[in-house]
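Hi,

Here is the model I promised to pass on.

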Amino acid sequence: MVRIAGAARWEVVVVGGPNTSMTDRVRALVAAHRGDRGALLPILHRIQAEFGYVDQEVVPVLAAELNLSRADVHGVITFYTDFRSEPAGRVVVKLCRAEACQSVGAEQLVAHAEQALGIKLGQTTPDGSVTLEQVFCLGNCALGPAAQIDERVVGRLSPSRLDALLAAEARMA
Amino acid sequence: MTAPVTVYVPCDSAALSVGADLVAAELEAAGRPIRVVRNGSRGMLWLEPLVEVVTDRGRIGYGPVEPERVGDLVAAGLLDGADHELCQGVVDQLPWLADQTRICFARVGITDPLSPEDYLAHGGMAGLRRALARSGGDVVAEVTESGLRGRGGAGFPAGIKWKTVADTPGPDKFVCCNADEGDSGTFADRMLMEGDPFTLVEGMTIAGYAVGAQEGYIYIRSEYPDAVRTMRKAIEIARAQGWLGGDVLGSGVRFDLHVRVGAGAYICGEETAMLESLEGKRGMVRAKPPIPAITGLFGKPTVVNNVLTLASVPAILADGAPAYQALGVERSRGTQVFQLAGNIARGGVFETAFGLSLRDLVERYGGATRTGRPIRAVQVGGPLGAYVPESGLDLPLEYEAFASAGAMLGHGGIVVFDDTVDMAAMARFAMEFCAEESCGKCTPCRVGAVRGVEVIDRIVAGEDPDGNLALLGDLCELMTDGSLCAMGGLTPMPVRSALLHFPDDFTARH
Ligand SMILES: Cc1cc2nc3c(=O)[nH]c(=O)nc-3n(C[C@H](O)[C@H](O)[C@H](O)COP(=O)(O)O)c2cc1C
Ligand code: SF4
């Protein structure tokens, strides 16, 4: 299986063959949602899941297919944090920085992760292995500090447990 | 040969976050024939992963079970319900559970979430059947009489909202479930969707029938992939069971549901921003009026309710409004699903009638802080809720009592902090969060929050503290009075409560 960083578990990940250009795939995805009202978000989620990001190139295609202005499509893509403008690292680590996790040391965990990976929140390691991000609440507020590693939520984190999880990801990659 | 022992291991994502999948795999590999059922969580999250074994005495619980300990536990007789240091006894008899009044969460943790047989065996569909036997108007009246108020934060009476939608003519109406649950310290919507999704399906179908809507949307935040998956499967199963579709329970009534996934924007929990997002647009808050009940999704009359509001409806219809109304105090009727979170020894879901004191919940049931240090502050109602100091914990958990204390109950999330918390930092965070998540439509919120961060930084740095404190007060007033929605309008609540109760934290430290 090809693992696409940031691909959501609820999406079927289909990776196009060498001949399917992005434009064709996007048209096919739009067609798959033809009967749905206000389908732009579901379509963008699928683009993000397949390609790992939403390329600028898809904006005019979506605009034409959905009868929207380019500005509208662009506006939607940039409004939501889920839609990336460029691919993420092979593993995406989102550390929860909301109040409940802060009450059990989230800020220290962020500082530790930044130091261990040598990057700041919002950045990707130079070798492209890990993207580190913040998130506000994963709904795991009684078992914090919590984080999401790709799609998997992990709880009761400590700096050493985070290190172990990152090392395990590195071995799998 | 003896029948295989039934063992429950939760599939709730909080349980998964601490290794429940591995525990299930270890149990299956332990050598004895067993039947593993993946249930929702009982809500005693400090015990997760909580393994339950079915015995003659009832379901015996073990927790927290680390995957590495499964082998030892099985050797020590876990599959026979034997005693062990991790053995909690008969789960239903634990005071933490026995003292609750579970209406909304009645089945969560007990059943297999996706088993229609379990659902029916535990009272599912009784509410919908009773609703369908009556007129839509009667159903609305029953919900109104129950006193049920919106559980998403604002506490608006559900029946009155439904009546507005029912009375607005039009062939197309919608029921939208707000499952954006962005507040820190809240996870009950998620646990309900992962642990008993058919209840939400049933509640939304009752709402649809009551107001004359044939379609519903559940807007779930993208941070909840497990809930998305479970809800989607539940909808498919419900269609196959004839619980959804063109002929609901053979009544001739049509109702169907769709799941839509958010994309990482807190503001999409605000109902009009959610509607915009459902329409495929940016999550910009709409000016009210018009209200969604009259001009909602795609301009049609729309019920927007929180997960817990809708999930409370089946029981109200099944057991009647008086039974629900009999619980609670004053104008807060029925039960609220409280969520104990943050720095808490025993965190989780506690459903109880309104009126219990915050102190009882946090200290008696929650066991105070996880670190064992003194409680300093408790934030109730999410990031827009007030910080209550330790001395204020005797407040009864009830909408109006909180409002008169300058606080709010919100979605029932309770986040505990110990004495190491820096309340100026928390006030700054409230402003930072607002700046990050503002939809940008109005200036007091968009600009005010950014200024708020800067002003707090200056106060803490000791720059003209008096002048800057006055400025912060003005800023809070401007945001409260001038913001279009409660994002900008309520962000001052945590800030002001921190200033009021913890002024020393705002003086310069060198
Ligand atoms: C910034 C903001 C965020 C909100 N987030 C949520 C949310 O995540 N879930 C929710 O049910 N209501 C949320 N609300 C409240 C909704 O606007 C609305 O009142 C609610 O969905 C109505 O349902 P109810 O009456 O059943 O509570 C939010 C409100 C604001 C201002
Ligand atoms: S208060 Fe903030 S979030 Fe609400 S409408 Fe104004 S800018 Fe948008």
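Predicted model: local features only at pLDDT ≥ 70, side-chain atom pairs only at ≥ 80, totals over all residues.

A polar contact here is a pair of N or O atoms within 3.5 Å; within protein, one of the two must be able to donate a hydrogen and the other to accept it, and residues adjacent in sequence count only if both atoms are side-chain atoms. By that rule, 29 residue pairs are in polar contact across the interface of chain B and chain A, counting pairs with both residues at pLDDT 80 or more.

The largest share, six residues, comes from α17(B). Sorted by class, that side of chain B has 31 nonpolar, 16 polar and 17 charged residues.

Now the overall numbers for the interface. In total, 64 residues of chain B are in contact with 42 residues of chain A. The two chains bury about 4000 Å² between them, with 56% of it on carbon and sulfur atoms. In chain B, S17(B), A263(B) and F429(B) lose the most area to chain A, together 14% of what that side buries. The rule also finds two salt bridges across this interface. One of them pairs E215(B) with R37(A), where the closest N and O atoms are 2.8 Å apart.

Next, a sheet in chain B. Four strands make an open sheet in the order β8-β7-β6-β9, and the pairing is parallel. Its edge strands are β8 and β9 (302–306) of chain B, each pairing on one side only. On average, neighbouring strands of the sheet are turned by 20° against each other, direction ignored. Strand β6 (residues 174–179) of chain B is joined to β7(B) by six bridges, and C177(B) stands opposite I218(B) in β7(B). Helix α10 (residues 197–211) of chain B lies across β6, β7, β8 and β9 of chain B, running at about 145° to β6(B).

Some backbone details to check as well:

- E48(B) and P49(B) are joined by a cis peptide bond, with omega about -10°; P49(B) sits in the loop between β2 (34–37) and β3 (51–55) of chain B.
- Another cis peptide bond joins G63(B) and P64(B), with omega about -5°; P64(B) is in the loop between β4 (58–62) and α3 (70–75) of chain B.
- N67(A) has a positive phi of about 60° although it is not a glycine; N67(A) lies in the loop between α3 (58–66) and α4 (70–79) of chain A.

Cheers

Key
Residues numbered from 1 in each chain as written. Chains lettered and ligands numbered in written order. Heavy atoms only, no water. Contact = heavy atoms within 4.5 Å. Buried area = accessible area lost by both parts, 1.4 Å probe. Salt bridge = Lys/Arg side-chain N within 4 Å of Asp/Glu carboxyl O. Helix = DSSP H or I, 4+ residues; strand = E, 2+ residues; numbered from the N terminus. Nonpolar A, V, L, I, M, F, W, Y, C, P; charged D, E, K, R; others polar. Pairing = 2+ DSSP bridges. Axes fitted to C-alpha atoms, helices over the stretch in contact; angles between N-to-C directions.
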